[in-house]
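User: I'd like to go through this model with you and hear what stands behind each label. Could we start with single residues and work up to the whole chain?

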Amino acid sequence: MIDLRSDTVTRPTEAMRAAMSRADVGDDVYSEDPTVRTLEERVADLFGHEAALFTPTGSMANVLAVRSLVAPGQEVLCEASAHIARAELGAHGAFSGLTMRTWIDAGGQVDLPTLRRLFAPDLGPFFVRTAAISVENTHNFAGGAVLPLRDLQDVREFATGAGAAVHLDGARIWNAHVATGTPLREYGAVADVMAVCLSKGLGAPVGSLLVGSRDTVAEARVWRKRMGGGMRQVGFLAAAGLHALDHHLERLADDHANARLLAEACGVDPSTVDTNIVVVERSDAADFVARAREAGVLVGTVGSTVVRLVTHLDVSRADAEKAAAALAVL
Ligand SMILES: Cc1ncc(COP(=O)(O)O)c(C=O)c1O
């Protein structure tokens, strides 16, 4: 089976397993795990922020990040199909007591005029106050779409002028970086707080980080523990992340090329595929998934008429060619 359901399905390579087994570890709830500290410092530095916090999942990093910006009873604005709005099972409302309002953009892009109209300043005891704007780069459900740096900078400028903060869901910021050549620090500069994942394109089995100021990270550390995310000798997993940063970043370009190949086979214009995710409109989506499985290719749906294919570390060029040939005739 060639598994194109998600870039989260990768298994650690032998070299990654070796790095994990060698990791120097300690109790991270006591802040005594040297490998976790190294990873946190390295990732904070990559994005030009003061500090970072290792979390078990991207969802937890997002929940901690957004709650650091938005108090109970306040709101965050985001695109309607953002992961924080659609796929975190209401965690931000359930745990943080905040609300969301959304703009709709099929390409997952920022719509600044709409954002300006949605934005609600603090009007005392009358309206919900917008405390933050959240952007997702790359945008998962919009097919791994890259948000141009210029647009992100405009959001940053608008938010700063309006007295709001910016959250960046950068689960796949690595893909955006490799696809565009934009330095990670430039992405870091547009956000007050980010969430980045090691367990997607980078191919680590587990792990994400919240990236932000020292104070934000200190408070998030308390909330992570409160939510049951305080982990002990977790340097074994941080070592996988460090290995991934060393060995799996630049190769994301291969995933992007493979995604374009698959797009072409499925009748999608490859020039519309920015990174490693292809979304295909199919009225027969469920049937397509079943027939693909029979042909030896696992794909998923992200809507009743939308099929999603994701390339990753465990899909070689030969696998992509084989899958493309199989999908082209469905
Ligand atoms: C854009 C985006 N943000 C956050 C997450 C959450 O990551 P996790 O599955 O580790 O909770 C995902 C997961 O796929 C994602 O695609």
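User: Why is glutamate 14 called exposed?

Analyst: Its relative accessible area is 64%. Exposed means over 50%, buried under 20%, and partly exposed in between (1.4 Å probe, protein chains only), so glutamate 14 counts as exposed. Before we go on: this is a predicted model, in which local features need pLDDT of at least 70 and side-chain atom pairs count only at pLDDT 80 or more, while totals for chains, interfaces and linings use all residues. Residues are numbered from 1 along each chain as its sequence is written, and side-chain values use heavy atoms, with hydrogens and water left out.

User: Where does glutamate 14 sit?

Analyst: Glutamate 14 lies in helix H1. Helices here are DSSP runs of H or I with at least four residues, strands are runs of E with at least two, and both are numbered from the N terminus. The face of H1 turned away from its buried side carries Glu14 together with Ser21, both exposed.

User: What makes the buried residues of H1 one face?

Analyst: Within H1, residues 14–21, the buried ones are Met16, Ala19 and Met20. Viewed down the helix axis they fall within an arc of 100°, so they line one face of H1. That arc is taken from the directions between the helix axis and the C-beta atoms. Helix H11 (235–247) is part of what covers these residues.

User: How do you know how H2 packs on H11?

Analyst: Two packed helices are described by the angle between their axes and the distance between the axes. For H2 (residues 34–46) and H11, the angle is about 40° and the axes are 8 Å apart. The axes are lines fitted to C-alpha atoms, for helices over the stretch in contact, and angles run from 0 to 180 degrees between N-to-C directions.

User: Which residues of H2 and H11 meet?

Analyst: On the H2 side, they include Thr35, Val36, Leu39 and Arg42. Gly235, Ala238, Leu242 and Asp246 are among those of H11. By class, the contact has eight nonpolar, four polar and two charged residues. Ala, Val, Leu, Ile, Met, Phe, Trp, Tyr, Cys and Pro count as nonpolar, Asp, Glu, Lys and Arg as charged, and the others, Gly among them, as polar.

User: Why is histidine 256 called buried?

Analyst: Histidine 256 has a relative accessible area of 3%, which is why it falls in the buried class. This residue belongs to helix H12 (residues 252–265). Not counting residues up to four places away in sequence, histidine 256 touches Asn175, Val178, Ala179, Asp274, Thr275, Asn276 and Thr311, where contact means heavy atoms within 4.5 Å.

User: What makes H8 mostly covered?

Analyst: In helix H8 (residues 173–180), six of the eight residues are buried. They are Ile173, Trp174, Asn175, Ala176, His177 and Val178. Among the elements they pack against are H2, H11 and H12. Just after H8, glycine 181 takes a positive phi of about 80°.

User: What class does aspartate 319 fall in, and why?

Analyst: Its relative accessibility is 24%, so aspartate 319 counts as partly exposed. Aspartate 319 lies in helix H14 (residues 317–328). Leaving aside neighbours within four places in sequence, its contacts are Ile2 and Asp314. Aspartate 3 is 316 residues away in sequence and 9.4 Å away in space, C-alpha to C-alpha.

User: What stands out in the phi of leucine 89?

Analyst: Leucine 89 has a positive phi, about 55°, although it is not a glycine. The residue is in the loop between helix H4 (83–86) and helix H5 (91–96). With a relative accessible area of 81%, leucine 89 is exposed.

User: What makes the chain as compact as a globular protein of its length?

Analyst: The chain has 14 helices and twelve strands. Its radius of gyration is 20 Å, close to the 20 Å that the globule rule gives for 330 residues, so the chain is as compact as a globular protein of that length. The radius is taken over C-alpha atoms, and the rule is 2.2 Å times the number of residues to the power 0.38. Buried residues make up 55% of the 330.
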